[in-house]
Each structure stands twice: as C-alpha cells, then as structure tokens.
Amino acid sequence: MGKKELSALFSANPDKYYKVALFDKVGFQRHKCIHCGKFFWSLVDRTVCPDHEVYGFLGNPPTSKRLDYIDTWKEVEKFFGSNEHTIINRYPVVCRWRDDLYYTIASIVDFQRVVENKVFFELPANPFVVPQMCVRFNDIENVGLSGRHYTTFCMIGQTCDADAEGGYWKDRCMDLDYQLLTKILGIDPKAITFVEDVWMGAGAFGYSLEYFVNGLELGNAVFTEFEGNENEYQTMKHRIIDMGAGLERFSWITMGTPTSYDCTFGPVINEMMSKTGTMLDTEILGSYFRFVSNALERSEVDLGALKATFVKEMKISFEDLNIIVNPFEAMYTIADHTRTLLFAISDGSIPSNVGGGYNLRVILRRALAILERLGWKFDLAEIADIHIEYLKRMYPELEEHVNDVRTILQIESNRYLGSKERMNSITSSIKGKKQSLSVDDLIRLYESDGITPEFLTESGAIESIPQAFYAKLSELHESHHSSHNLKPITGIEELQPTRMLYYEYDLMTESDAKILAIVENKYVILDQTIFYPRGGGQEPDTGDIEGIKVLDVIKQNDIVIHKVSSSKGLLSGKTVRIRINPRRRDLITKHHTATHIVNASARSILGPWVWQNSAFKDEDYARLDITHHSSLTREEIEGIERAANKVVRQDNPVIINTFDRIDAERNYSFRIYQGGVVPSGTVRIVNIKDWDVEACGGTHVNHTGEIGLIKIFRTERIQDGVVRLEFVAGEAAIDFVEKQDNQLNTISRVLGASKEKVVESVRKSVDEADETKRKLRAIVRKTLPSVMNTIFKDAKVITSDGIKLYSTHDEELDEDYYISLGETATQNDPSLIFVALIGKGQGVRVITFVGEVARKRIKAGDIAQQLSLTLGGSGGGNAAFGQGGGKFKHKIRETMSSLEEMVSQTIGR
C-alpha cells in the first residue's frame, strides 16, 4: 500500500480523519475534484481543487495587510506567542543530529531522531513555533526562473505533542491556522480551501490538511498519528502535529508581486538593480512572471516552450523579452544561491567536491557564471552582506559570521577564476569535435573539471542546459548513505545490557566478571567489563580473560562483546578474572582527549567552519580529519600546536556528565556532534573547561595537564574540503621528540657541526651541492659532442622507418647527468629512444626520453612505467620524458636484456 492507497483509506472515513470542528462552525463543505479525484473543503461550491487553479492573487492580493518577508514573520511570531506557543530559534541548516541527511530539509527534521530505523520526536517545548531555514537542491534549474522555487526557504514550523502537557490536536491546530489567515493576514474565508492529503516518512505517517488561498498553497498541517509503515503500523503514544508553512508564500500572498522573490529578497534585488543599472519594465515583467508562475503551477513544462507561447501572445520578440527578463532571472538566482551559501557557511558547511559541500559548490559556481556572463562587477560577498543586514531582525546570529562567509566565498571565487584556462581548453576541444553531450556527459565534466553547463552554453559548446541536469546532479549528493559493514552477532538478543565499568571506574585495570554467554566459541559476553570497545574512532583495550588473550572488543547495542583467542576453559555462568593493558589504555586515553583539544585548536586558528570529519585514536598516534578549504601552512600548523599545548599547560579540568539529548543540545548547541550522531536519548558530554564541549563515549583524562605534550608530525589535504592532522600525545609525544633529537644529533655529527648550527651547516652543504651540480652541468656540456657521437654510434635501429634505441646502465653518475644527456640526444636525433638505468643506494632510477619523431609511436612515460614495474616500483611521465624507479636492483641485467623486445612490441602495436 503506497501513498495513493493510504490516501484513499483515510479519505474513506473523512469524519474520523479530516473533519474538524472549524468546518462545522464556519460551514466548510467537502467536495471532490472532477480532474484528479482529490477531496477538499471550502465555503463555496467548487468542482476543482486548487491544484487545477491559476494563481488568483498576483496583482490582486486577498489580504488586508501588505507585509514584506521580515514583517510577515513578526506577525506570525506575535500571533503564536499570544496563543501560548514558545518561539524557538532556528536549528542549523547543516543537519548534524541525523546521519542520513546533510541538510535540514523541513522544520520537523529539527526534532526527529532516528534510532534503528525508528523515528522519535524530541520537542524542546510544547507547543512551539520555529522559523526554520531549510535547504533543498532538487529544483536548482527552476530557481530564479519560475517565480517561486528556492534552494533555501523558511518553513514556519508549528509543532505540538498532542499527548503531552500543553498539547492539542487537529481541532485546535486548524482553528489557530484559520485565525492566522483570516484575523492576522485579513484573508476572506471564501478564498481558503483545505485539501485532504497524507504524509509519510522516517518511520511515521499521518493524514494532513493543506490550505490554499487563491490557488497558492500556504501551509500543510500533518497529523502524525501512526508509527511503522503503511502495511504494519500502530498508533503512536505521542501524536505529533507538524504544520509547515512557507514564509516566502505568506509574504507573497500579502504583496501579490509577480514573483515571490520580489518580497523575499526586496532590498537585495533593489541593490543589484542599482549596481547593474537594470531598468524595471513593470508591465512586461509582471505579465511574464504571472504567466510562468501559473503555467508551472499547473504542470511541469519547459520554460523555453512557455517563452515561445508568451511572446506569441504578447506580440514581442524573443530578443526584446530576454533583454527585459534575463537580468531579473539572473538577480533572483544570485540572491537565492547567495542566501543559501550564507546560511550553510555560517552553520559550518563549506563548498567542496564531496559530501554536503558538493551542491554548495554547484550553486556558487552557477552564480559566478551568471555574473561573468552578464559582466556584472560585484561579488557574492557584497550580496551576502545585504542579506545579513536585511535578515538580522530574524536571524541576528548571521552577523557573527560575516567575515567567515566572506573568506570562504573569496577563496571559492578565486578557485573558479583560476580554473578558467583549463575550462576554456576543454570547451574548445568539445566544440572542435562537434560532439553532442548527454546529461551524464555534463555531470562528468562538472565533477572532473568543474565546468558548469552555463559556461558551456555561454561558450557555444551546447545550445541549452538540459532540464534534468541539476536535479540529477543534486540527487547524487543529497544525503548521507551510512554503511555498516560489520555483520551483527546473533544469539545475544535476550541478554542484559553490559555494565560498563570503564565509565564508573576509569582507573580500574582488573576486575571479576560473570560469563553470560559464549558465541561461536570466540565471542564472550560478560555481565560487566573494564574493556573499552572499539567505537568513536578509539581503538579497543587489549588484555585477557583468565589468561586467555582478548583480540578485539566491540559493542552491539548495549552489549560489549569480547573476541578471544580461545574459549577453552571458559564456561557460561563462570566468574572469571579480567585484566586490561594499563599502558595501552593510558596512551589511547591521552590521544583521545588530545584529539578534542586539537580539534578545538584548529577551529580557533583556522575558522568556525572546522568540524571533525573523522578521527582515529591508538596507542602510537592519533589522526584527526577536519573540514577546511585548503592545505595547512607551516604557520597554521604551529598555531594549532601552540594553542593545543597552551590548553595542556593550563591543566583544565575535563568534566564528564550525562544529559537528556534535548538538554545537551540546548545547553551546548549542535557543536557537540563533532564525532557524529548519538543514537540514544541520553548524551555523554565531555567538557574540557573553557575550551571544548563534545558528545563522546570515549575514555578521557581528568585534567589536560596529564597529557603532558601534543606534537603534530604530519598534515595533508586528503580530499577536497578535508585536511588530515596526525599527532602524538603524552609518552608517545616524548618518544617522538627524543627520536627527533637523536636524528638531529646524527645529522650534526655527519656535518661536523653543533646542533645549534646544524641549520647553517645544512644550508652550506646544499649550496655546495648546488655548486657541484652546476660544475657538473658545465663539464657535461663540454663533453657532450664526444658522448653524443658514442650514443649515435651505439644506438640500435629497431624499425624499418629508422627509430633507434640507446640504453645504458651506470652505478656512478647520477640522474642529473643522464637527464641532460637524454634531453640533448633526443633533440639532436628526433628518431631516438634514450633509456638509462642508474644504480642508487639499494634501488634503481629509470630515466627515459623519446625524440619528436619516435614519440608518435611510443611515449617515454609508458617506457618508464613498464621498466619500473619490472624493477618492483612505479613510474610515469609524458610523451617526451619519463622517470621512475624500483627496489629490485638484482633485476637490472634482466631488464636491460628485455628492453629492446619490450619497446619493439609496443611500437609494433
């Protein structure tokens, strides 16, 4: 049974599900649409539902008030506040509390927690209203063009637990919403229509009443009454009202403007008009967008076809229409995309080619392409500033992030401009081949080279952007896909939860425990344990059970499972002695707390967009991956390390408490979810006083001073938008520093200098080596003529058209000599293939050159690759020059012997 069947089931009993007291009190009657069969309620006789009705409010708003975007919210806020609703602040648009979503797509998502495929609603008050900014990327291609599509929109969330204190159900809900429309906005009741529908999602569902005014859907009141799925369900203990209304539409209905963008982005559009000198043709613009909005509301049709119909009806040319309309479509699109970037970056997401940042980069580059196409000389940061100034009455927190947003937008804009030369080259190649590009081709071009379809259109490589492009692109990167590769262990479902002594007694290293079960002769479940299981990036404890080695420890739901090397002598019901390796626990514990410190240090040095992407903590070292836009500089690394060690020296207390999840979120914000979603109603909070607060189940020191020292020894940018830091802490850091000191002593002895002057000595040695190389090159130049004669004399002709092969093996001269030699030789003889194998230490270096004529048949990089593989290594290069190497020095003779055959076979192909 799908949505259609479920709707029919509910509509078959309208008195039970849909009829509310308001309908009898005011006189709403039920009707059935003659086109689609939907049922709806109205005060006037009608034969069609609003889905088949044109927008009747454009140019003629049915309200007694004219309210812009912010003022509309203020009226809504005042109304619900006076009706005993708590007004709560928006949640982040980055959905940290759900592991299946990157972004907050609806107001109710704020309060949904999904555990083991079951949905729970955790409400911060009852009842309440929230002005929730939501992000969706499924209609990118229509944004700015349709008059009503957005990538970011405000969903007014009216939420209530009907079965908790202060709760109400559908009669009260619909009465409030009706009052909001009629008394606050001043809408004639005869203009209001309620349409029956259903809502399904995240393990819960219910029936709903959508309300329309003059063809425009303003809100949808969902009565979430059932949990499970449509085939197997039960009534929820706590029924939830989830009314979602679009603030953009509330404002639009009061203004009656040609597009909803005009009232949503008012000051932003005005400023862009001023900066670009765009003139407003009210008559044509208004007529066009009224036409488009009405046509798109009735069906999804091609905008190009709509324009053709419009110009025919209005007796205006395509060119004249585009001159009037295109700048406004561009401004609406830029305003929307910039607002989305503003909220997402402020809430900790950055544009990238992976994860949630993917679609941010899509819309950012789309906006940049529009600015470039139209030659507009202002940047996105300026637009973001105007948004902040306008929106701060609703969202004052945006002002805190103005510099962060500017930084990220500037970096991304520079990257786009920096890639233009490559993009132009690829586009020219496409045009030269006159190839037809499918949607999949366009997606590959964007993902591999960052080329937007707008850029291709402007360059003349494609005629227009396929309508399905952005929808398909966003689908690929819209949500998390959690992978759980571990196969669950069966046969333990009825066991009691394990008592976790590692939380109660963090210094305990030995204890008695009772065996509850042994599964598959290798998994031991105890009634209590001191063994910390693998989780949260922390490696598990090692030790023994009655002397039998514990190989691994995992946690499945609330049960800790010990994998042992043997179950001999272990019996269910037996009391056993368990021991952990205290040194390993101490090292990992210090690395775990250090990870929290380094994460917060990185955020303090780099910017608030830094979040933990993943982490790993073992006894030897720790690894932290953070979200950041660029590779780290030496100064940034030193700054992070300095800040981290300052926290260590301050000996801050590490306070650990457990909270109800909603209290933890309210007290500490969603920053607590650095390590990901917490799948329970209680949250263990690790608070490093005055520095960092995170939800974490790991083991931690009691004071930061116990760590002693943190040393970052490696950083790298492992993927777009993610930087890895590897570091050591505690005893491991001291060992690392001692090792570095020993290496420095060795270097100073080799150089014959004191440690204090080792840098000066190294520089002197490097200068002397450079001078030696310079002299060598001079000698090579002088001896080249005689060496060239030898090369040309010894080179063997291996093809009928005169391609020659010269190869040599040397244990004395280095690769610099042979690079000079090979380059000169192949320049003098374009038919020559030059190969040198150079013994170097315990390995072999490979140098290859191919002359201009010979490289039509074979590439130097391919030769280097094949030779290096034979020698146990790797290599590569381009057509003219290749290099590589391997560790199998004993295979030099064999490689030289087979070289001619290998080259001949390649040329023969």
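## Starting at an exposed serine

Serine 800 is exposed, with a relative accessible area of 85%. Here, buried means under 20% relative accessible area, exposed means over 50%, and partly exposed is what falls in between (using a 1.4 Å probe and protein chains only). You'll find serine 800 in the loop between strand E27 (796-797) and strand E28. Its C-alpha atom is 81 Å from that of leucine 516, and the two residues are 284 apart along the chain.

Before going on, a word on what you're looking at. This is a predicted model, where local features need pLDDT of at least 70 and side-chain atom pairs count only at pLDDT 80 or more, while totals for chains, interfaces and linings use all residues. Residues are numbered from 1 along each chain as its sequence is written, and side-chain values use heavy atoms, with hydrogens and water left out.

## The whole chain

The chain has 27 helices and 32 strands. Both are DSSP runs, numbered from the N terminus: helices are H or I with at least four residues, and strands are E with at least two. Along its principal axes, the C-alpha trace spans about 105 × 85 × 50 Å.

How many of the 909 residues count as buried? The share is 53%. Now look at contacts (heavy atoms within 4.5 Å). Among those between residues at least 6 apart in sequence, 66% join residues at least 24 apart.

## Salt bridges across the chain

Side chains of opposite charge can pair when their charged atoms come close. A salt bridge is a side-chain nitrogen of Lys or Arg within 4 Å of a carboxyl oxygen of Asp or Glu. Searching the whole structure turns up 49 of these salt bridges.

Take arginine 585 and aspartate 541, whose closest N and O atoms are 2.6 Å apart in their salt bridge. This pair links distant parts of the chain, 44 residues apart: arginine 585 is in helix H20 (residues 582-606), and aspartate 541 is in the loop between strand E15 (528-529) and strand E16 (543-545). Arginine 585 and aspartate 541 are both buried.

Helix H20 also holds arginine 603, which meets aspartate 692 in a salt bridge (3.3 Å, N to O). Lysine 804 lies in strand E28 (residues 804-810) and aspartate 829 in the loop between helix H25 (815-828) and strand E29 (832-840), so the pair ties together parts that are 25 residues apart in sequence. Aspartate 829 has 13% relative accessibility, so it counts as buried.

Helix H12 (residues 357-374) has 18 residues, and at 1.5 Å a residue it should span 26 Å. The expected span is 1.5 Å times one less than the number of residues. The end C-alpha atoms of H12 are 26 Å apart, which agrees. Why is H12 described as largely enclosed by the rest of the structure? Because 15 of its 18 residues are buried. Just after H12 comes glycine 375, with a positive phi of about 70°.

H12 packs against helix H14 (residues 402-418) at an angle of about 65°, with the axes 11 Å apart. Axes are lines fitted to C-alpha atoms, for helices over the stretch in contact, and angles run from 0 to 180 degrees between N-to-C directions. That angle makes H12 roughly perpendicular to H14. As for the labels, angles under 35 degrees count as roughly parallel, over 145 as roughly antiparallel, 65 to 115 as roughly perpendicular, and the rest as oblique. Residues making the contact include Arg361 and Leu364 of H12, and Glu412 and Arg415 of H14. Arg361, Glu412 and Arg415 turn up again in a network of salt bridges that also links Arg717 and Asp720.

## Another helix pair, H10 and H11

Helix H10 (residues 303-314) and helix H11 (residues 318-346) have axes that come within 10 Å and cross at roughly 125°. H10 and H11 are therefore oblique to each other. On the H10 side, Lys307, Ala308, Phe310 and Val311 meet residues of H11, among them Phe318 and Leu321.
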